[in-house]
Amino acid sequence: MDSLIAASARALAAGDVLGALKRVALRDDPPALALRGIAMAQLGEHTRARELLRRAARGFGAHEELARARCVVAEAEVALAVRDLSGSPRSLTAALSTLEAHADHANALQAQLIAARRLLLLGRLDETEAVLSLLDTRGLPPSLTAVAELTAAELALRSLRVDAARAALARAHDAAMRSGVPALLAEVAEARTALDRPAARHLFAGGERALRLDEVAELMASGALVIDACRRALGTGSAWRSLARRPVLFTLARTLAEAWPGDVDREALIACAFHTHRPNESHRARLRVEIGRLRALVTTLAGIEASARGFVLKPFDGRTVVLLAPPIDGEQAALEALLADGAAWSTSALAQALGGSQRTVQRALAELESAGRVRSIGQARARRWLAPPLAGFTTILLLPTALQME
């Protein structure tokens with residue numbers, strides 16, 4: 001490695017992007033192309049960065065598999081930054097194996113962190129935890145330690161383990177301070193604010209109350225029967241039932257929870273669940289069928305009894321009923337939560353993260369765009385979607401698979 005390449009690499013590691021570029025901007029050899037690609041990524045020029053990194057990977061010879069693997073890892077990180085989740089993780093896995101075989105522990109850890117952060121975006125929390133459990137940050141640069149702790153903190157937050165998240169953020173702050181990279185310090189500071197922002201609303205007769213994440217966690221552990229409109233689920237303690245893919249059943253459960261301890265008129269249930277104000281006998285028959293399905297689903301948690309005018313929710317063991325609502329209203333709250341990270345998402349990446357179809361996401365985006373809540377850039381396959389940050393509250397509970405359900 002020549003002196004200019006070494007100096008450029010040191011500048012990048014210290015966060016001096018312009019200083020790194022100044023040393024290699026006019027060079028087209030593979031090491032310089034790779035460093036230029038990383039620098040352009042840090043400046044936000046992601047398309048140019050990916051092009052440079054691919055040129056660098058092609059430029060390294062067959063005997064330089066370690067350098068090629070580093071380029072693959074760098075490009076995978078750029079893909080994650082632009083929310084390109086369509087690629088296969090096989091190339092990153094192969095690069096990780098090469099890095100480990102050559103004892104390049106720092107870049108191997110980087111590859112593992114990219115894999116973990118990708119899984120987090122997709123809401124696959126169990127797999128993320130499995131990847132993080134294999135990490136060993138001892139003796140590695142503090143910048144990588146900070147990223148590892150930030151990833152662990154996000155996983156803990158999305159699992160509602162608030163104390164673990166606080167501890168991970170404290171370790172991330174210490175590592176970011178030792179790294180001296182301002183961007184890392186800013187990212188840790190932003191993550192810490194999520195702990196103090198409203199994350200949900202507790203709805204009750206006559207009003208509502210904003211809850212922080214730690215207050216939500218306390219409520220979940222209180223023994224109450226929680227109807228969670230953030231994740232469309234209901235349960236108590238460790239026993240949860242997801243209704244995310246059964247919108248009619250969740251609407252019935254929420255309507256019953258809103259009226260608890262009273263009952264709900266059959267006409268009102270039909271209007272909420274089936275969106276009609278002129279019910280007929282077929283609607284009433286369908287209501288009986290759906291109530292039966294909901295009763296079977298929650299049979300270990302609560303009963304649903306018929307009353308003179310409708311139905312009433314009866315939790316077992318004298319439990320109270322708590323209704324949690326998202327911090328923002330609307331059918332597309334989860335979609336807005338994903339876009340609120342400030343990154344430009346493709347329609348396919350949004351559909352993959354939400355576990356829905358691209359057509360459904362496209363319709364939702366069109367509605368949000370007409371309301372002025374999102375905007376698009378680019379055309380056709382290059383189109384990406386952006387939304388302004390949702391300031392004032394955290395959207396952790398709205399992200400995909402925020403809590404494991406039984």
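User: Why is Asp196 called exposed in this model?

Analyst: The model is predicted. Asp196 has a relative accessible area of 56%, and exposed means over 50%, so Asp196 counts as exposed. Asp196 sits in the loop that runs between helix H11 (182-193) and strand E1 (200-204). Its C-alpha atom is 9.3 Å from that of Leu211, with the two residues 15 apart along the chain.

User: What makes H9 roughly antiparallel to H10?

Analyst: Helix H9 (residues 142-158) packs with helix H10 (residues 162-179) at an angle of about 160°, and their axes are 8 Å apart. Angles over 145 degrees count as roughly antiparallel, so H9 and H10 are given that description. The crossing of the two helices is left-handed.

User: Which residues of H9 and H10 meet?

Analyst: On the H9 side they include Pro142, Ala146, Leu150 and Leu157, and on the H10 side they include Ala165, Leu169, Ala172 and Arg178. By kind, the residues of this contact divide into 14 nonpolar, three polar and three charged.

User: Which residues touch the most other members of the largest nonpolar core?

Analyst: They are Leu339 and Trp345, in a core of 84 residues. Leaving aside neighbours within four places in sequence, Leu339 is in contact with Trp345, Leu350, Leu365, Val374, Trp385, Leu386 and Ala387. Another core, of 30 residues, lies apart from this one, and its members include Leu203, Ile227, Leu234 and Phe250.

Technical notes: Residues numbered from 1 in each chain as written. Predicted model: local features only at pLDDT ≥ 70, side-chain atom pairs only at ≥ 80, totals over all residues. Heavy atoms only, no water. Helix = DSSP H or I, 4+ residues; strand = E, 2+ residues; numbered from the N terminus. Buried < 20%, exposed > 50% of the residue type's maximum accessible area, 1.4 Å probe, protein only. Core = buried A, V, L, I, M, F, W, Y, C linked by side-chain atoms within 4.5 Å. Contact = heavy atoms within 4.5 Å. Axes fitted to C-alpha atoms, helices over the stretch in contact; angles between N-to-C directions. Parallel < 35°, antiparallel > 145°, perpendicular 65-115°, else oblique. Left-handed = near helix turned anticlockwise from the far one by under 90°. Nonpolar A, V, L, I, M, F, W, Y, C, P; charged D, E, K, R; others polar.
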